[in-house]
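My notes follow in the order I made them.

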Amino acid sequence: MPVLPGAEPFTHNGSEDIGVLLCHGFTSTPQSMRAWGEHLAAEGFTVRCPLLPGHGTRWPDLNRTSWRDWYAAAEAELAELRGRCRSVFVFGQSMGGTLTLRLAERHPDIAGIVLVNPSVTTLRVGARLLPLLGRVWPSIGGIPGDIARPGGFELAYQRLPLRAMASLQEFWGVVRADLGRVRQPLLLFRSAVDHVVEPVNSALVLDGVASSDLAEVVLADSFHVATLDHDAPAIFIGSVEFLQRIHSERAEEVV
């Protein structure tokens, strides 16, 4: 299927010192991360934001994929960046945060990670029935575009593919089990009001990781898709300050 206009991957070749992998959310596309990627590119960094398998075309395509496909695509982009740049960071939003955590668990050489409203669980009634429901109903109505800013738009599926959602739920369990393996510097942005991911998700991440360099920033004026919301500039600026600091500290350690 052709990719929806605006859902294309984002790539920028900049510095060989710092590379950043951006991971978008479930049912979303690189459109939700493009402004962040362009900000990083303007700072001179090398940036990759892939379109994850099953996304950016039609929602039934997502039901034909699993978390292993999404993770493999992100890991392939990470490998390319690791071969190009001395310090590689991974930034992720929502399920992109789930992918980011798994990459950090599996690749301790990642320099640092930034998470925006990461997902690792859900408190919604009926979540345990997802594997069964997915066999009966292919999808239900989704909640894309949870943005406080008037006119804010997220290019995402209007339907929630249930088989893919069940796979994401499985992925959450895998990631939660290994959170203690995350030791990289971590910056977490959490929206005070989020209609998609409950606050317990960020609490589980912050309590579960073993990072000594750990910070949480609460976003007062944004909903779930914070990279397209009022607080987006704070995310962009804060992430640049974070990666510049970490890269500088790593360089000093080498000297």
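I started with Asn117, which sits in the loop between β5 and α5 (130-136). Helices here are DSSP runs of H or I of at least four residues, strands are runs of E of at least two, and both are numbered from the N terminus. The model is predicted, so I note that local features need pLDDT of at least 70 and side-chain atom pairs count only at pLDDT 80 or more, while totals for chains, interfaces and linings use all residues. Residues are numbered from 1 along each chain as its sequence is written, and side-chain values use heavy atoms, with hydrogens and water left out.

Is Asn117 buried or exposed? Asn117 is buried, because its relative accessibility is 2%; buried means under 20% relative accessible area, exposed over 50%, and partly exposed in between, with a 1.4 Å probe and protein chains only. I also looked up its phi, which is near 45°, a positive value in a residue other than glycine.

**Another positive phi**

Thr27 also came up, with phi near 70°, positive although the residue is not glycine. Thr27 belongs to the loop between β2 (18-23) and α1. Its relative accessibility of 9% counts as buried.

**Asp194**

I found Asp194 in the loop between β8 and α7. Asp194 is buried at 16% relative accessibility. Which residues does Asp194 contact, leaving aside neighbours within four places in sequence? They are Asn117, Asp146 and His224, where contact means heavy atoms within 4.5 Å. I also checked Asp194 against Val225: 31 residues separate them in sequence, and their C-alpha atoms are 8.6 Å apart.

**Enclosed space**

Rolling a probe the size of a water molecule over the atoms shows where empty space is left. I counted one cavity of 30 Å³ or more. A cavity is a set of points, on a 1 Å grid over the protein atoms alone, where a 1.4 Å probe fits but cannot get out; lining residues have an atom within 4 Å of a point. The largest cavity holds about 40 Å³, the volume being the space filled by probe spheres set on the points, which are joined across faces, edges and corners.

Which residues line the largest cavity? I listed Asn117, Arg190, Ser191, Asp194, Val197, Glu198, Pro199 and Ser202. By class, that lining has two nonpolar, three polar and three charged residues. Ala, Val, Leu, Ile, Met, Phe, Trp, Tyr, Cys and Pro count as nonpolar, Asp, Glu, Lys and Arg as charged, and the others, Gly among them, as polar.

**Helix α7**

**Aromatic rings**

How many aromatic pairs does the whole structure have? I found five. Rings of Phe, Tyr and Trp (its six-membered ring) pair if their centres lie within 6.5 Å; planes under 30 degrees apart count as stacked, over 60 as edge-to-face and the rest as tilted. The ring centres of Trp36 and Phe236 are 6.2 Å apart and their planes are at 20°, so this pair is stacked. Trp36 is in helix α1 (residues 34-42) and Phe236 in helix α8 (residues 232-254), 200 residues apart, and the pair links these distant parts of the chain. Trp36 is buried at 0% relative accessible area, and Phe236 is buried at 9%.

I then looked at Trp67 and Phe171, whose ring centres are 4.6 Å apart with planes at 5°, so that pair is stacked as well. Trp67 lies in helix α3 (residues 67-84) and Phe171 in helix α6 (residues 162-177), so the pair ties together parts 104 residues apart in sequence. Both Trp67 and Phe171 are buried.

**Glu154**

My last entry is Glu154, in the loop between β6 (139-141) and β7 (159-161). Glu154 is buried, with a relative accessible area of 11%. Not counting residues up to four places away in sequence, Glu154 touches several residues, including Ser28, Pro144 and Val225.

Conventions: 1 Å grid on protein atoms, 1.4 Å probe; cavity = no way out; pocket = protein on both sides within 12 Å on 5 of 7 lines; lining within 4 Å.
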